Amino acid sequence: MHNTTPTTFTEIDKLALIAIKNKKILSSRTRGRSVWYIPGGKREKGENDVEALQREIKEELNITLSLSTLRYMGVYKAQADNHQPGIIVKMTCYYCDYEGEPQPTNEVEEIKYLSYADRYQSSPADQLIFEALYNAGLIA
């Protein structure tokens, strides 16, 4: 009998903030990388979705989430960018308003709003999110 349950080390658990302005989605580029990512990051031990997202967004963009506006968007899974084949990233996405103006901090070198046409500059998981947002008429 073999175990068909995937092992935890093959899936990267991440949270993402879906911030849309003028039919474009906020994205960030990590220092030394060319691929763009929807802001967010990995959950730390013991954190729930809200705690992880709030911490990561503060660290990356120096903004504070307005938690009363937090709305679940969905979960997207794809091959993890810059990892060996079979390593999957699971992105749990939330819409949320925020206070402050996003600014790149720490490992983030640059931020910008990307359109649907820019989706191929993003990671495979992010491209799935771009598709969903485009199909819902939220980005152009």
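Start by selecting Gly 41 and showing its surroundings: leaving out residues up to four places away in sequence, Gly 41 touches Asp 13, Lys 14, Leu 15 and Glu 56, where a contact means heavy atoms within 4.5 Å. Gly 41 sits in strand β5 (residues 40-42). Strands here are DSSP runs of E with at least two residues, helices are runs of H or I with at least four, and both are numbered from the N terminus. Colour by accessibility and Gly 41 comes out buried, at 6% relative accessible area. The cut-offs are under 20% for buried, over 50% for exposed and partly exposed in between, with a 1.4 Å probe and protein chains only.

A word on what you're looking at. This is a predicted model, so local features need pLDDT of at least 70 and side-chain atom pairs count only at pLDDT 80 or more, while totals for chains, interfaces and linings use all residues. Residues are numbered from 1 along each chain as its sequence is written, and side-chain values use heavy atoms, with hydrogens and water left out.

Zoom out to the cartoon next. Along the principal axes, the C-alpha atoms fill a box of roughly 55 × 35 × 30 Å. How many of the contacts with a separation of 6 or more are between residues 24 or more positions apart? The share is 65%. Of the 140 residues, 41% count as buried.

Back to selections, this time the aromatic rings. Two aromatic pairs turn up in the structure; rings of Phe, Tyr and Trp (its six-membered ring) pair if their centres lie within 6.5 Å, and planes under 30 degrees apart count as stacked, over 60 as edge-to-face and the rest as tilted. Pick Tyr 72 and Tyr 94: this pair is edge-to-face, 5.7 Å centre to centre with 70 degrees between the planes. It links distant parts of the chain, with Tyr 72 in strand β7 (residues 71-79) and Tyr 94 in strand β8 (residues 88-95), 22 residues apart.

Then move on to Tyr 116 and Tyr 134, a stacked pair with 3.7 Å between centres and 15 degrees between planes. Tyr 116 is in the loop between β10 and α2 (124-135) and Tyr 134 is in helix α2, so the pair ties together parts 18 residues apart in sequence. Tyr 116 is buried, at 13% relative accessible area, and Tyr 134 is partly exposed, at 38%.

Last stop: backbone angles. Select Lys 23, in the loop between β2 (20-21) and β3 (24-30). Its phi is near 65 degrees, a positive value in a residue other than glycine, and Lys 23 is partly exposed at 42% relative accessible area. Finish on Asn 106, in the loop between β9 (98-99) and β10 (108-114). Phi of Asn 106 is also positive, near 50 degrees, and this residue counts as exposed, at 52% relative accessibility.
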